[in-house]
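Please keep the sequence and the structure open as you read.

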Amino acid sequence: MTSPKMVGREADLLVLHEHFAAVEAGEPRAVVLSGEAGIGKTRLIENFRRNIKPSALVISGQCVDLGQVAVPYAPIIDLIRQLVAQLGAQTVLEAAGPGRDVLATLLPSLAGSEQPESHPSVGAVGTAGLGRLHETVAVILETFARDRPVLAIVEDLHWADSGTLRLLSFIIRALSCDRVMLLLSYRSEDVPRGHPVRGFLTELERTRRVVRHEIGRLSRDQVAAQAREILGSQLGTAAVENVFERSEGVPFFVEELLGLDETCSEADLPDTLRELLLARYERLSSETQRTLRLISVGGVRVAHQLVEKVFDGDAGALDSTLREAVSASVLLAEGDSYAFRHALVREAIYTDLLPGERLRFHAAFAEALQESASETPVAAEISYHWISARNPRQAFPATLLAMAQAHASYAFASEAQLAERLLELWDELPQAAELAGASRVELTRRAASALRNAGDSERAIAMLDSAIADPEPRSALIQVKLLRDKAAYLTTISKTGSVELLEEALSLLPEDAPQYLRANLLNSLGARQMIHGRFQEAIRLTEQASEAARGCSTRELSIAASISGCSLAHLGELEAGLTVMSSAEHLAEGDGSALLRYRVNASDMTNLLGRYEESVALATEGVARAKALGVERSSGALMASNAVDPLIALGRWELAEEVLDRTLALEPPLAFLVYLRQSKMLLTLWRGDPQRAAELYRGWRGPMERLAAQELQTKMQSALVTAEVLFAVGELEAAWAVTRHLSDSEHCFAPAYDLPLLGIAARVLAKLREKLLAGGFPPGSELAELTLQDLDAREQQWRALVKRSSFWPTIGIWESLVEAELAGAHRTGDDPEAWRRAVQRIAAPDAQAILRPYAAYRLGAALLARGDREAAQQALTRAVEAAEELGARLVSQWAEELAAAAGLALAGQGRKRGAPNSEELTARERQVLALISEGLSNRQIGERLFISTKTASVHVSAILRKLGVATRTEAAVLSSARLSRVGPPAD
C-alpha cells in the first residue's frame, strides 16, 4: 500500500526547487541526495521531476547491481538512450559535434545513423579516447541546455562503475555557465569507508557547484499523516506508536507494515526487517514465489522477454504468477519490464534462494543473455551470471569479451577488474592461455595498462611487478615491454627508477626487435634525460631514435624532434633547436599525442625565450585545434595551461587566472597540476596576499617537491616560487635554503631556469647581508653561523652563472636585476644608478610585467636611502601606478608603506592626517593594534583573536582612521607610544 501523497518531504522538495532555480539562472549544479534504504529518495525525485518537467528536458539513468564489476556506463547509456527517444538520433548526433563518433561506443545503434567524420589525430584508444567521450557527453548536455534547462538524474550511485563516476566528475567540473542540473542519489549505508563513491564525493566537495543533501526519517506526526493518506482514515494512537517504533520513521517500512494488517496490532507485526521485507512475498502462492526468486537473480529491473526465456513453464503460468506478484505490489510493471517495488525486497528474496536454485537461475540468465541480440553490450552481465553459477569454463570467454567491450568504451577501471577476474579463473582452466590468446603475463600487463588508464598508477605498478616476478616463461620482447611500461607508470606519479628500467629494457631488446619499439625506448629515455637537464645525452639518444624510426614511425620521429629541439635550445643553439622543433609539428600530423607534445614543448620554449606573444599564440592555436576535435577540456585544457605563464608575463592577469582556475578545476595530470599551482601561488602573492600564498605553498608542497625530484624545470621553478613567497612573509632562513639549488655540485646548468631564480636569490642574499651588517642573527637561529664571507662566496658563484648564461635571449633583464639587487656601498641594493639601468632594461617587451613596478619601487627605495626625496617620490608614484594597473597590490603596498614611513605624499595618493587621539581605541582595537605591530596580516589577527578575517579588517580600518594614518606601517610606528599611554588591553 502506497500513500497517494508524499508526506514529510516538503522541505526536501523546496531544496531541490531552490537549486533548480539557480540552474535556470545559468549556474550549473550537482545535487547529491543520500539516505538509508527505504527513506524515499526515488519518490522525492519523481515528485520533483513531475513538477519541473514542463520547463526542463528531463532524462534519467539507473546504476545496475552486478556485484563487484558493474556494467560500464549503464546510467550514462540510459541518459543518451532517453535523449534519442525524446529528440531523435540525428539531433543527438548533431549536438555531440566533433565527438559524435564516440557515442557509438555507448549506444551502438548510433553508429548507423550517419557516417561520422573520422578524427585520427585525436587518437581512438587510451586516455585520449576517454577524454573525447567525457567531452562529448558534456557538450551534448551543454547544447541542449541552450534551449531549456536540463535535468539529468542518476540513481543508486552506490552501484556505479568507476567509469561513470569519472565521467560525472568531469561533467561537474567542466560545465561553467550552463543550465544543467545533475541529480544523483545513493544509499548511504551501502557506501562504507573505502567505497569508490566516498572518494568521488570527497573530490566533488572541492567545488561550489556540488550540494549534498541527506534525507531524514519521518517524525511520529508525519508517520501518522502517511498512515492517514494510505488508509483514508485516522489510525489509532496506539497503532501509530506501534508503526512508528517498528518502522523507525522509514516511509517504505511504514507502507509495508500497513500493507500487512490495517489493525497494526503488535502481535501481527514481523519481528525482523527480513521478515517484514518478505511478508508480502510469503503470502503469495508457491509458484509465484518461485517466479520472484527467479526474477531476483536478474536484478532490480528485468525485461519481460528475458523473463520468458529463463522461465521453464508455459506462458500462461508465467502470466498468472506475474499478475499475482504485481497485484500484491511486490513487482511493478514498467513498460516492457518488471521492477521490484524496492531494491530491498529484491535483495531479501535473492538472499532467500537455496544454493542449487541460485546456481541454476544464474546459468539460465547467462544462457538467455547469450542468445539474445541486444543493442547494449551485455558481456559483463553474462560474465557475472556465469561466475555466480560457478561455471569457469563459460565464465572465462564471457569475461574476456566483457573486458574487450570495456576497453572499447574507455571503461578502463572495469577493464582492469575484468582482467583480474580472468586471472582468478586462470588456474581453474588448463586451456586458459589458448582461450585468452595470451599468456598470463601478457594478460597481467593488459590489466596494468587498464589500471594506469583508469588513473590508478600505483596499483598498475604493483600489477607489473607481479608480472615481472611471475615464473611463467616469456619472450625477451615481453620482458622489455613490461620494463618500459613500469618506467612510464613511475613517471606518471613522479617516482624514481624510470631511467634504470629503460636502460635495462634497451639492453634486453633483441636485435631483430621491431624498430619502432627501439625508437620508442630511446625517445622515452631521451625525454627523461632532457627533463633531468642532461641535454647532450638527450640529443644523443634521440638521434639514435630518429635513425631507428626512419621509415617505420613518423610518430617517433616527431617525438625525437621535439626532445632534440628543446635540448639544443637549452644548450644555446637556439635557431637550430627551434628549426628542429618545428619539424616535429609536420611529422606529428595524424597523431594527437605527438602533436600535443610538440605544441606543449614549443609553447613552453618560446615562453622561456621571452617570446610571450608567440607562446600564447601557440597555446591558443592548440586549444582551437582541440576544440575542433572535441577534446577542448581534456587535451585542450593541457594546452590552455601552457598559456598561463606567458599571459602572466605579459600582464594579462585576469585572463591568466581565468584559464588557470578553469584548468585546475578539471584535475589535470600531476605535472600540469604542479605547474598551475606554482602560477597560482605567484599570482596570489603579487595580488597582495602573501599569507594566503604561504598557506597554498604549505598545502601543495608535497606533490611539488615530489615532481621537483624528477624534473629540472619543476625543481628550479619550485625554488623560485618558494623563495618569493617565503621572502614576502619574512621567513628569510627558509627562503635562503631553497636557493641552494643554484650552488649544488650536481646542478645542471640551464639559463632558462637559472636566471629567474637568480633574480630572487640575489634579493635574499642582499637582505641577509643587510642583517649581518646590522648585527647578525640571534644564537640558535639556522643562520647564526652565516658570515659575510659565506655570502661573498655565494655571490661569486652566482655571478659566474650569470656570465655563463650570456647567450640566453633574456640575459640582459636578469643580469641588470641581479646587479641592482647586489649593488651599492654595502652591496645591499641601495645604488640608484644600478636600479635606473634595471628600470630601463626591464622596460623591454621580453621582461615579465611584474618586474616593472618592482624595479620602480626599488629605485624609489634606493633614492630615499640617498636622501633624494623628490626623485624617490616620483619613482614610488610610478611604482604604485604601474602596480595598480597590473593588479600587483603587493608592490603598491610596499611602495605606499615606504612613502608613508618617510612622510612622502605620492601623486594621486594625497591624504589628510587626522588628529591623533581624536577618538579613543576600544579594548579590542588595542589588541588588534598590538598584533599589527607584530606584523600579522588580517587573516592571522583573526585566527589569533578567534574572529573572522572580515571583522579583523573592520577593526584595522577603524584603527587607521582613529590614529589618523593611512597604512599599517604607520600604525605600527605609532603603536608603542599610543599603547603605552592608553594602557594594556582590557579583558
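How far apart should the ends of helix α26 (residues 535–549) be at 1.5 Å a residue? The 15 residues of α26 should span 21 Å, and its end C-alpha atoms are 21 Å apart, which agrees. The expected span is 1.5 Å times one less than the number of residues in the helix. Helices here are DSSP runs (H or I, at least four residues), numbered from the N terminus.

A word on the source: this is a predicted model, in which local features need pLDDT of at least 70 and side-chain atom pairs count only at pLDDT 80 or more, while totals for chains, interfaces and linings use all residues. Residues are numbered from 1 along each chain as its sequence is written, and side-chain values use heavy atoms, with hydrogens and water left out.

With 18 residues, α43 reaches 25 Å from its first C-alpha to its last, close to the 26 Å expected at 1.5 Å a residue.

Next come the buried residues (under 20% relative accessible area, with a 1.4 Å probe and protein chains only). Their packing partners are judged by contact (heavy atoms within 4.5 Å).

| Helix | Buried residues, among them | Helices packed against |
|---|---|---|
| α26 | Phe 535, Ile 539, Leu 541 | α25 (515–531), α27 (554–570), α36 (712–728) |
| α43 | Leu 876, Val 880, Leu 886 | α33 (653–665), α42 (851–866), α44 (889–902) |

Now for a helix pair. The axes of α18 (residues 392–408) and α19 (residues 412–426) come within 8 Å and cross at roughly 160°. Axes are lines fitted to C-alpha atoms over the stretch in contact, and angles run from 0 to 180 degrees between N-to-C directions. The two helices are therefore roughly antiparallel to each other, a term for angles over 145 degrees. Among the residues that meet are Phe 396 and Leu 400 in α18, and Leu 418 and Trp 426 in α19. By class, this contact has 13 nonpolar, three polar and two charged residues. Nonpolar covers Ala, Val, Leu, Ile, Met, Phe, Trp, Tyr, Cys and Pro; charged covers Asp, Glu, Lys and Arg; the others, Gly among them, count as polar.

Finally, find Arg 836 in helix α41 (residues 832–842). Leaving aside neighbours within four places in sequence, Arg 836 is in contact with Leu 859 and Leu 863.

Terms used:
Parallel < 35°, antiparallel > 145°, perpendicular 65-115°, else oblique. Buried < 20%, exposed > 50% of the residue type's maximum accessible area, 1.4 Å probe, protein only.
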